[in-house]
Amino acid sequence: MGIETFRKGNTPVIRGVLFDMDGLVLDTEKLYARFWMEACHFYGFAMTYEQALKMRAANSQLSAANLHSFFGPGADYKTIRNKRIELMDAFIEEQGVEPKPGIFELLDHLDARGIPAAICSSSPAERIRSHLSSLGLYHRFSAICSGYDVPWGKPAPDIYLHGAASLGLPAENCLALEDAPLGIESAFRAGCLPVMIPDQDQPEEKTTAMLYAKADSLFDIIALV
């Protein structure tokens with residue numbers, strides 16, 4: 001385990017922590033990749049794993065554009081997305097969701113330090129509630145912010161600005177924990193301190209340039225706060 005920081009000089013005092021959910025709090029990002037591929041295959045489109053990764057954390061406009069760039073205008077985003085939701089929901093109903101290592105320990109540490117935490121997820125509010133409640137995590141967060149609560153989803157900054165405001169804090173005083181490049185861009189544009197904990201792949205140069213830090217796991221974030 002370890003952590004690497006990138007920004008030098010004075011760092012604002014960390015007064016809050018904003019958490020992405022899928023791939024960060026929950027080990028579900030691998031399921032999104034799997035079921036985007038399965039949904040595409042159901043409709044005759046051979047999506048690759050690399051293409052599936054580009055769908056992570058993307059708002060509906062960007063996701064639709066990605067599908068069209070992969071397969072042409074015949075790939076209907078809403079139809080394929082609905083199939084992906086159907087398949088993934090059925091899997092989770094049977095198998096449940098798993099927490100990422102370190103989430104309980106990190107939240108315990110934040111509670112002990114009096115540092116509030118918020119979820120900033122692209123998922124709808126009811127899905128956030130269902131998944132987190134199944135693990136006893138829902139009420140561990142001071143605020144729950146859904147991408148459906150804001151005008152524009154990731155990579156726009158809206159969700160992280162909303163998350164910081166929900167804690168009554170300036171964005172510059174909030175760590176934003178993410179596993180995906182589009183989420184890092186969202187947090188960076190909001191003025192947060194973006195920290196990547198890679199899940200499905202490592203950050204490219206463009207993403208690394210936006211980072212405050214990169215960690216191997218949630219356990220490592222304890223040292224930052």
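This note walks through a predicted model, point by point.

1. **The main core.** Start with the largest nonpolar core, which has 31 residues. Phe19, Val25, Leu132, Leu175 and Leu177 touch the most other members. Several elements each supply at least two residues: β2 (16-19), α5 (103-113), β3 (117-121), α6 (125-133), β5 (174-178), β6 (193-196) and β7 (213-215). The largest share, 4 residues, comes from α5. As background, nonpolar side chains in soluble globular proteins tend to be buried together.

2. **Leu175 and its contacts.** Take one member of that core and look around it. Setting aside neighbours within four places in sequence, Leu175 is in contact with Ile14, Gly16, Val17, Leu18, Leu193, Val195, Tyr212, Ile221, Leu224 and Val225.

3. Another core lies apart from the largest one. This other core has 21 residues, among them Phe35, Met47, Ala52 and Met55.

4. **Helix α5.** Which residues of α5 are buried? They are Ile103, Leu106, Leu107 and Leu110. Look down the axis of α5: these buried residues fall within an arc of 95 degrees, so they line one face of the helix. An α-helix has 3.6 residues a turn, so residues three or four places apart point the same way. The buried residues of α5 pack against β2, β3 and β5. After α5 comes Gly114, with a positive phi near 70 degrees.

5. **Strand β3.** In β3, 5 of the 5 residues are buried, so this strand is largely enclosed by the rest of the structure. Ala117, Ile119 and Ser121 point one way from β3, while Ala118 and Cys120 point the other way. Both sets are buried.

6. **Partners of β3.** β2 and β3 run parallel and are joined by 3 bridges. Within this pairing, Val17 has Ala117 of β3 as its bridge partner. β3 also runs parallel to strand β4 (residues 143-146), with 4 bridges between them.

7. **Aromatic pairs.** How many aromatic pairs does a search of the whole structure find? The count is 6. One of them joins Phe35 and Phe91, and it is tilted, at 5.6 Å centre to centre with 55 degrees between the planes. This pair links distant parts of the chain: Phe35 sits in helix α1 (residues 29-42) and Phe91 in helix α4 (residues 77-95), 56 residues apart. Phe35 is buried at 3% relative accessibility, whereas Phe91 is partly exposed at 24%. Phe70 and Phe71 form an edge-to-face pair, 5.8 Å centre to centre and 75 degrees between the planes. Phe45, Phe70 and Phe71 form one aromatic cluster.

8. **A charge over a ring.** Check Phe42 as well. Lys83 lies over the face of this ring, at 4.1 Å from the ring centre.

9. Is Glu178 buried or exposed? Glu178 counts as buried because its relative accessibility is 0%, and the cut-off for buried is under 20%. This residue is found in strand β5. Not counting residues up to four places away in sequence, Glu178 touches Asp20, Leu24, Lys154, Tyr160, Gly183, Ile184, Val195, Met196 and Ile197. Now turn to Glu204, in the loop between β6 and α9 (205-208). Glu204 counts as exposed, with 63% relative accessibility. The C-alpha atoms of Glu204 and Asn173 are separated by 25 Å, and the two residues are 31 residues apart along the chain.

Notes:
Residues numbered from 1 in each chain as written. Predicted model: local features only at pLDDT ≥ 70, side-chain atom pairs only at ≥ 80, totals over all residues. Heavy atoms only, no water. Phe/Tyr/Trp six-rings, centres within 6.5 Å; stacked < 30°, edge-to-face > 60°. Buried < 20%, exposed > 50% of the residue type's maximum accessible area, 1.4 Å probe, protein only. Lys NZ or Arg CZ within 6 Å of the ring centre and 35° of its normal. Core = buried A, V, L, I, M, F, W, Y, C linked by side-chain atoms within 4.5 Å. Contact = heavy atoms within 4.5 Å. Arc of directions from axis to C-beta. Pairing = 2+ DSSP bridges.
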